[in-house]
Each structure stands twice: as C-alpha cells, then as structure tokens.
Amino acid sequence: MPEIALEMKNITKRFPLVVANDKVNFTVYKGEIHALVGENGAGKSTLMSILYGLYQADSGQIFINGKKANITNPKVAINLKIGMVHQHFMLVPPLTVAENIILGMEPKKNNIFIDMEKAVKRVEELSKSMGFKIDPKAKIENISVGVQQRVEIIKVLYRGAEILVMDEPTAVLTPQEVEELFDILKSLKKQGKTIIFITHKLNEVKDLSDRVTVMRRGKVVGVKNTKDTNQEEIASMMVGRKVIFDIVKKPLNLGRTAFKVEKLEAFNNKRFPAVRNISFKIKEGEILGFAGVEGNGQTELVEVITGLRPASSGKIFLYDSDITNYSPRNIREDKIAHIPEDRRQRGIISDYTVAENLILGSHYRLPYNKGLSLNFTEINHHAESLIKNYDIRPSDKDNLLKSLSGGNQQKVIVARELFGEPKLLIAAQPTRGLDVGSIEFVHNQILNERDKGKAILLISADLEEIFSLSDRIAVIYEGKIVDILDPQKTNEKEIGLLMTGSSLNRKLPKVK
Amino acid sequence: MKSIKKFDYYILLEKITPLIAVIFALLVGAIVIMLIGEDPVFVYKTLFSNAIGNRDGWGNVLFRATPLIFTGLTVAFAFRCGLFNIGGEGQMYIGTFLATWVGFTFTNLPAFILIPLCIFAAAAGGALWAAVPGILKAKTGVHEVIVTIMMNWIAASLTFFLVLKFRATPNEAMVAAGVKQMIPHTSEIAEAARLPRLYNIFKFLNIDFPSYNQVNVSFFIAIAAAVLAYYILWKTNLGYEIRAVGYSPLAAEYGGISVGKNIILAMMISGAFAGLVGTNEVMGFKYRWRQELFTGLGFNGIAVALLGKNHPLGVVLSAILFGILNYGGAIVNIYTEGRIPRELIMVLQAVIVIFVVISDEVVKRLIRQRRKVV
C-alpha cells in the first residue's frame, strides 16, 4: 500500500442552488500523478478550492500526510505545502520572472533589502532540477504562455509545495508545449512531488496520470488505475452515458465554391499587420479548418470576414458577390452565420434573456420588429421552438443568459446562428471550455450543416477538433497561411510544427 | 422548480434595496436629530404629515418631484446605453431657455400650437445639447463625462449671456421704487404658452384644492415621459439596441447593431428629458427665465436615478420621495423655528444615496456568493 499524501473524506459543499460536492472521498498517493476529471460543473474546481482554502467545506475532513488539517485560507494551504497553478496565470506582466516568483516571499538582505541575487540563483536551481532553462531576468510580458506556465510552476515550488494542483494546464498550450509540460510534470514526479491534474481531455489522462478520479454532478463516480481503464470508459463515467468518440463523417460531397478570400490584409488593434495576404476558397459541403496557435491572426481574420474589422486590402466573395467591408448587419443579411470565439463578450448579452439573445442580429426585422414595437408573441414563439429543438436548459425563455452554463450558452448561440439557413458558417473555437456532452452536440451540429451542403470555416486551437471535423486544414502562423493540407495525409505532429513556424524552411521547397 | 423560487427571492431583494436604504437613512437621520437635541419622532411626524397628509402638501411634493423625474430619466435613460450623462444641468438650461424664447417670441400663436411648440423646443434644446457629447463619444471615443461637464459650464454661461441679451425692461413700479439692480430675467412668455395649474383642473372637477399651489400640468408630462422611456427601452427595437449597447458593446456590434448611432440617439433622448424641465419651471411656474432659478436640478437627477435603480418607475418614485423630503424639510424648518435647518434634509438625501450604493453592493455580493455554481 503506497503512502497517502492527501485524503479528503466525506467532503460536502452546498451552494443554494446546487450541491457542488456531495460526500466526496478523494485520496492521492504520495508521488503519483492523479488526474481529476469530470464535466464542467461536476465539482472538481470546488473540491480543489476547498483543498486550497478558497472555500470551506460544510462537512468532511482533510488529512495531509495522515494529519488532520483545517485549511481556512490559502496561506494555511501553502504552509501545508500545497501549491496551486491556476488556469489563468497570476503573474504581474511588467515584472521579471524572478520578481514574480519571489512575490510575497522575498529573500531579504539585512532584513530590509530584497536579495535579488539569491532569488535569481534559486530560480535557476529550480528550473534546472526540472530539466529546462529559464531566464530569471526576462519580463513576463515578453515570454510565451508556455514559459509563463513554467514560471507559475516554479513559483509554487519556490514556496515549498509537495502537492501540486494543476487546473486545466494544457488548455492554453500548443501540442509541443503540452509535451514539454508533461516532461516537466514527470520529472517532478521523479523528485517525489505529488501532482493533481484537473482536465477534461481524456488523452492527457491516458498519457500522464497514474490514477484517475472521475466526478459527476458533485459525486465521485469512480477511481481507476489509468492502465486498467480506457478513454471510452472514463468518458461514459463522466457523462453518465455512452459517448461516441470517433466522429463518423459522411463522404465529402462538394458543390460549387461558396466562399472565397483573395489576398486579404488587415491590421490588429495595435495597428500592426495581423492578416497577411490570405487567400482561400471553401466549397459547399466542405469544412475548412484553421489550425494555429492563438494570436496568429485568426481572430482578426474572422472579424474582417464578418465586418467587425476593416480589410486594408484584398477581396471577400460570398458566391459571386463582393462583400468586402460590408457592415456586420449586411453580412448577416447575406446569410453568413458566426459562432464567435469570445462567447461571453461577443456572442451573448449575458443580462438579456434567452429569448432576447435568440433574436440578436435579426431583432430589427420582421417578424420580431413590427410597426412601432417589438412583437413579443413572435419572439417568445421563436424562443420556445429553438429551446425545444436544441434542448437548451433550463428551458425557460425568460432566464438571463448569465444564469446558464457555458454549454447551454453555446447552444443558444448555435441555435440562433443556424436558424435561417446560413450559406457560410464561421465557427471560431466552438467548443472551448465546453464539457464532453456539449462538445458532441456542437460537433454534430457543424457536421450536420456540412452534410446539408453549407460551407464551413472552422477555427480551433484544439488540434483534435480540427482533425476530426475538417475536410482540409489550413495552418496559420503570424497572419499567413503556411500551408493547406489534407487531414488524411498529415498528422498532429506535423501540423503542430507548422503552427509554431519552426519548419517553414523545410516546407518551402514543397510546391502546392 | 423549487430552486427557481429561491432565485426569485434574491431578485426581489435586489429590487427593494433602495427601500432598505431609505429606512436605514431615516434611522441615521433620527440619530443626527437626537444629537442636535430634537425629538426625531416629532420631526418625522411633522415632515410626513405636512408633506403627504393633505392635498396641499401632495401638490407641493409633486411640484418639486416633477423636474426631478425629468432629470432622473435623463440619467437613467443614458445609463441604459452604458453612458453616464451628467450633463443634465446644461441640457436643462438650453432646453428651458429655448422653450422660454419660443414662449415670449411667438406671442400671437394660439395655445394649441404654442404649448406643443414650447414643449418641443424644450426637448429639442436638451437633445441638441446632449447630441454633442454623444457624437464626440461615438466618433472619437472622448468620454461623455468630461464633455458633459464642460458643456454644463458652456450652457450656464451661454444662457447668462442670452438672458442679458433678452433682458426684460424694468417695469414702472420697479423704476418708481428706484430698483436698479434686479436678478436678470426675460420677459414673460405668452399666456397661450402657459401650462394650467392643477388647481384649475381640480376646480373644474369640484375638488377642493388651494389656488396658490404651484403643481401644474407639467407633472403629467413628466409621467408621460417616464412611460415613454419605459416603452422605448423595453418595447421597441430602438430600446433593444440601446440596452444591448449598454450591456455589451462588443456583442451589439456582432449582432449588427451600430454602437455609435445608438450612443448618439440615447444621448439625445436623454437630453430631451432634461430639456423638458422647462415645462415645469417656466411654462408651469415662473413664466419667464430667471437667472439661477433652478440650478442643481440636473445634478440631483443623478441621485434620483441611482435611488430609482435607473428604471423609469423607480425614478418617479424616488423623485416623489425627494419631493417629500424637500418640501417636508422646509416645513420642519419653519415649525422648529429654524432649529432643524433645511440642510439636515440634504444630509438625509445624501445618506440615502450612500446607503443605496452600499446596500446595492452588499446585496450584489450576497447574490454572487449564493448563486455561485462551481
């Protein structure tokens, strides 16, 4: 029997509307990598917040190394050698790596001055022990997301953590960075650290963890040794039903060219070129997937196409009509639907009801706007039918959007955008932050549109998604299309390399 | 379904926070009254019984509430579009002056033309004055708070300039009495431009009402304005767009809503409400522009809108509350022979506003904590 590092017994945490943790038992062995998986709202984050002292459990006990612990705030947790790497980094961008790491626990010279040399040395030691190099004097704002994450890990280790909680650490990383992160975590494990790894990507569970705890609706539904289980089993435990993983795509049935972009150029908000000489075509019944690390011009490209950002040069055609620099309203009227990447900011008005959100974009038209006022009979009727067709929950049309889960908010967007038979569907990061069930739903809707003969532009940072949906894959890097590939003839590794621009030279001689 | 009921309970709590704030503020006021050695029960009894215990009191309260409804709507309407219009003061000056000018210039028009024309001038003046910060915000992104503050000063100086230009000649009685200095004012507006006092209506209905009471038809215009504001915001396409811009400009833009256009429109409608103050102060009360007749009403609108939670109904109710405090405060001052100064009532109003802000925040946090679904 291995030594137990952490034991949470009968943890119950109630919020007025929901029991977030219902008599949860959670045990982690010393020196293991333990995956904690479950859909959004399953209670993983609540459980970890209780461990880290951000919440207090209503009942239940926590034992650290066999000793009962009363974790009333994060300071207690840190003293108990528990460290947490949050999904959203808690770093100060203008400060250096070393300054960020020592923040709050600065080594002192003569008890007054910060001993920067000592700090730098300690940072170097820590990074070396994990097998990578980091410049302690680099500013956070100048280093990549992957490196920032390492800074977070070092920060936690600097504070002496023995138990590391990683909250969805791979969500922001490229495939290469994920691999490097896994190497780091494995080397930490070798040093005897205990790692709790929250995720809902099941391949990561398989690649990395020793054991896995699955949660659903506030309860632990199973604890498995990773090697004794498989993705299908974990997924069905998470969702509570069987999940079909392999998306079955109908054979490609191409029509004529529906959408065409020619030599498109645009600037970003800082007035730097963000979309650089981009050209592509999408045919009816085809999904063109854009793979790329975020911030390489995808956002700007979509904004230009949907009229939210002016094109500085180039042309955009929907069938034969030139729609370059049309207003967003005109573009909508031309039947381009847009599932935006920034769901909360762009896609929904969270203080509007479900019914009000479902008419956004067509609110000014018949039948919703009739004569002097809005026609609420039609608006409500419209809402009720979409809520039913898309199984939006809770099913009350008068709920504010902000009270819905992320998955249901996305359903509202999808329902609204697909209503009225769009000619082109732009889906940007359509499943980001969604749980397994909702991802399945959104994927099916996108494929359904494809099979109906619609042209689809898909943008995703999730390579798995790109591969499972796309008929062709365009790789975008620094605002340019590096290459357009057939998913059957390439693999995640190759795309991943192209995404970082690292194999541009190797690719150059190839004629397409 | 049980959980949904609980949800509503918090929404209710959120809605009635101003009421809680008012109660707390009255308690604080009671302490202050005790500290200056007076009896709070007596003071409050005098205040409320005189303000709302009889028809004359009600008339006075509504007369004082009327301009606050307008300026409260000014702030509330713009706020729904995410704008903080603190230029109500200036918009009120311009609208009112324009209405006055129409009133004393087109003196041979009949009432059924002149009254609507004056009302229109009041609204148009306010709307035009508010359009400037609206356009600047929409086109260049200049913050409306800065521009509206500056425009307040311009309006104050401009109307002062204009009142000197259109200054009424001193009448014979004044000349005979040797009055050389007088507060600058314009000539009176035409009889046909004046709004009837409610006394006239009550008399017609055979209801006993004092003839000296100043409450006039402008109160009904204010109520109509509140209904109109509600209708625009929640029942029309324009309101849908204005509120969408207020809640989330990015989502509005995405939904094909022109953010700039709606900012300008919202500012203009907001400014029109401010201009309508002139219907009460000039068309229904003094019948002329008199310098510094009604300063501060525009700023009080901010407090009224805050207490009314930026909802037209809330604005009407909170304006009436402020009317009660204003008028009742004056009465208390007289009854206590000045021992309870009117300033105490202003303290009370300020305390209410502070409590609204605090209780709002407290309730918000309570709700956030309770609703937290992790």
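The model is a predicted one, and in it the secondary structure of chain A amounts to 18 helices and 24 strands. Along the principal axes, the C-alpha atoms of chain A occupy a box of roughly 70 × 55 × 50 Å. Of the 512 residues in chain A, 45% are buried, and when contacts between residues at least 6 apart in sequence are considered, 69% of them link residues at least 24 apart.

Within chain A, four strands form an open sheet in the order β14-β13-β16-β17, and their pairing is antiparallel. The edges of this sheet are formed by β14 (273–283) and β17 (321–322) of chain A, each of which pairs on one side only. Strand β13 (residues 257–267) of chain A is joined to strand β16 (residues 313–318) of chain A by five bridges in the antiparallel sense, and A:F259 has A:L318 of β16(A) as its bridge partner. Across β13, β14 and β16 of chain A lies helix α9 (residues 298–305) of chain A, which runs at about 65° to β14(A).

Chain A also meets chain B, with 29 residues of chain A in contact with 20 residues of chain B. On the side of chain A that touches chain B, two or more residues are contributed by each of β2 (18–29), α1 (44–51), α10 (328–333), α11 (343–347) and β20 (373–374) of chain A. Sorted by class, this side of chain A comprises 15 nonpolar, 10 polar and four charged residues.

Positive phi values in residues other than glycine occur at A:E168, where phi is near 40°, and at A:K335, where phi is near 70°. A:E168 lies in the loop between β9 (163–167) and α6 (175–190) of chain A, and is partly exposed, with 19 other C-beta atoms within 10 Å. A:K335 is placed in the loop between α10 and β18 (336–339) of chain A; A:K335 is partly exposed, with 14 other C-beta atoms within 10 Å.

Key:
Residues are numbered from 1 along each chain as its sequence is written. Chains are lettered from A and ligands numbered from 1 in the order in which they are written. This is a predicted model: local features need pLDDT of at least 70, side-chain atom pairs count only at pLDDT 80 or more; totals for chains, interfaces and linings use all residues. A residue is buried if 20 or more other C-beta atoms lie within 10 Å of its own, exposed if 12 or fewer, and partly exposed in between; C-beta atoms are placed from the backbone. Two residues are in contact if their C-beta atoms, placed from the backbone, lie within 7 Å. Two strands pair if DSSP finds at least two bridges between them. Axes are lines fitted to C-alpha atoms, for helices over the stretch in contact, and angles run from 0 to 180 degrees between N-to-C directions. Ala, Val, Leu, Ile, Met, Phe, Trp, Tyr, Cys and Pro count as nonpolar, Asp, Glu, Lys and Arg as charged, and the others, Gly among them, as polar.
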